[in-house]
Amino acid sequence: MEQSFDSSPARLPQQEIIAKTFMGLEPVLAKELTQLGANDVQIGRRMVSFTGDKELMYRANFQLHTAIKILKPIRHFKARSADDVYEEIKKVDWTEYLGNDKTFAVDSVVFSDEFRHSKFVSYKVKDAIVDQFRERTGKRPNISVSSPDIRLNIHIAEDNCTLSLDSSGESLHRRGYRQETLEAPLNEVLAAGIILLTGWHGECDFIDPMCGSGTLLIEAALIAHNIAPGLFRKEYAFEKWPDFDADLFDHIYNDCEDQERDDIDCHFYGYDIDMKAVNTALRNVKAAGLSNSITIEQQDFKDFKQPVRKSIIVTNPPYGERISTPDLLGTYKMIGERLKHGFTGNDAWLLSYREECFDQIGLKPSIKIPLYNGSLECELRKYQMFDGKMKVFRSEGGEVKSDEERRQMAEKHRFKKHREFKQRLEEQEQNEEGDIRSFTFHRHDLYEDKKPNRSGFSGKFGKSERFEKSERFEKSGKSGKPGRPGKSGKSGYGNKRDFGNKRNRFDDEEED
């Protein structure tokens with residue numbers, strides 16, 4: 001959904017910024033950035049570069065649905081050895097970013113014949129920074145892996161090096177609403193990307209008949225309600241930067257609150273055969289404050305009935321990899337039968353992995369979109385469901401593929417570049433960690449919580465003032481915007497969305 005971009009009164013300097021994403025979601029991310037007001041938007045592999053000011057960088061972290069990291073490059077250089085890297089890093093005046101009382105961490109992403117080990121590159125960057133401080137002051141900043149004041153990212157592609165500040169901190173897929181998880185949950189960024197790839201923005205009801213922990217439903221509701229995905233998040237790395245503008249970030253938070261929509265004419269339905277999944281999804285939906293919009297029930301897909309209203313199905317069935325089922329092929333055959341006889345007049349989108357599974361559906365897709373779910377080379381397929389036979393449907397003017405879908409399917413090498421990408425995954429020694437659960441950035445890459453807990457926020461609202469603000473919403477009867485709770489977990493919950501109690505941290509979850 002298009003976001004309005006409200007620039008601050010004082011014009012801020014433009015800067016180069018990089019947004020990271022998953023393979024296959026780059027065009028969706030580029031569109032989101034354009035709608036936010038980004039300039040010079042350029043698509044790369046698993047990244048989109050653009051220019052914008054500090055406000056845009058804050059908004060990119062807070063509002064983008066399909067970004068996993070926002071990086072701010074501070075130096076580009078050439079290097080053919082670790083010693084070259086060391087010397088180039090020492091050319092940066094690190095007092096602009098660090099002090100002896102600050103901690104830092106370095107992430108390296110390397111795809112080069114000259115550099116065989118990314119951790120060694122990280123060590124050389126750390127050594128250069130520490131040595132510069134020691135030579136100038138006799139003291140040195142410390143390293144902190146878990147909670148550094150400054151996060152750095154260095155990407156090396158052959159001899160081209162980019163050193164960046166990581167403005168996000170932990171991956172942006174960690175929205176903050178997930179209270180519980182199931183085996184192999186769908187990543188939030190990938191879920192949002194899938195939804196935006198369908199072109200749906202709330203025009204009809206949304207159904208996930210195999211909803212698991214409810215990620216697709218929650219992400220769809222955030223999109224339809226125009227709720228910033230960063231709303232539930234605790235903190236961003238840029239808040240520890242010396243030039244952090246708390247008033248500007250507070251302005252962004254309030255602006256996003258004002259843009260939320262409560263008047264949508266669609267509902268969200270999730271079903272799962274497993275009662276544990278249903279209960280997990282219900283808790284996550286409540287934590288996101290979306291219980292009034294999302295209905296979760298226990299139901300086997302084989303019992304799915306034709307919906308009364310116009311709807312779209314978006315679902316992620318088991319692949320037989322991390323999650324299986326006693327009769328995997330039989331499950332996909334049942335899915336095809338239910339779509340054909342219980343979903344006529346609507347569109348269904350399925351993300352899956354195995355061709356033999358898709359074959360069992362027995363329906364002709366109108367488009368196939370290659371996507372990676374971690375290291376799995378998946379496809380997102382669209383099925384346009386019509387009543388009767390294809391020949392009759394076409395004779396009556398029906399079209400299975402739109403002009404845009406025909407154009408995309410006609411593109412050469414659509415799948416080849418993904419197969420080459422997978423080969424690179426398999427060739428790199430660190431890519432065994434490339435599953436979506438770990439979120440390790442791979443060496444082949446090109447560049448490469450308004451928060452529910454904002455007690456340390458130093459903007460124009462102090463802690464007590466923020467609670468008073470949210471309480472005024474309750475007393476006035478205005479549609480409930482979520483409050484900005486402190487560490488105690490208290491919150492100024494409004495009337496419209498029922499934010500539940502949130503865990504303090506999600507670091508103990510398995511990254512998915």
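## Helix α9 and its cover

The cover over the buried residues of α9 includes β12 (311-315), β13 (347-352) and α10 (355-361). Those buried residues are L328, T331, Y332, M334, I335, G336, R338, L339 and G342. Buried means under 20% relative accessible area (1.4 Å probe, protein chains only). Helices (H or I, at least four residues) and strands (E, at least two) are DSSP runs, numbered from the N terminus.

Helix α9 spans residues 328-342, 15 residues in total. From first C-alpha to last it reaches 21 Å, close to the 21 Å expected at 1.5 Å a residue.

## Basis

This is a predicted model: local features need pLDDT of at least 70, side-chain atom pairs count only at pLDDT 80 or more, and totals for chains, interfaces and linings use all residues. Residues are numbered from 1 along each chain as its sequence is written, and side-chain values use heavy atoms, with hydrogens and water left out.

## Helices α2 and α7

Helix α2 (residues 54-63) packs against helix α7 (residues 246-259) at an angle of about 50°, their axes 10 Å apart.

On the α2 side, K54, E55, Y58, R59, F62 and Q63 make the contact. Contact means heavy atoms within 4.5 Å.

## Loop residue G99

G99 sits in the loop between α3 (82-90) and β5 (103-111). G99 is buried, at 15% relative accessible area. Leaving aside neighbours within four places in sequence, G99 contacts F133 and P141. G99 and D149 lie 50 residues apart in sequence and 10.0 Å apart in space, C-alpha to C-alpha.

Notes: Axes fitted to C-alpha atoms, helices over the stretch in contact; angles between N-to-C directions. Buried < 20%, exposed > 50% of the residue type's maximum accessible area, 1.4 Å probe, protein only. Expected span 1.5 Å × (residues − 1).
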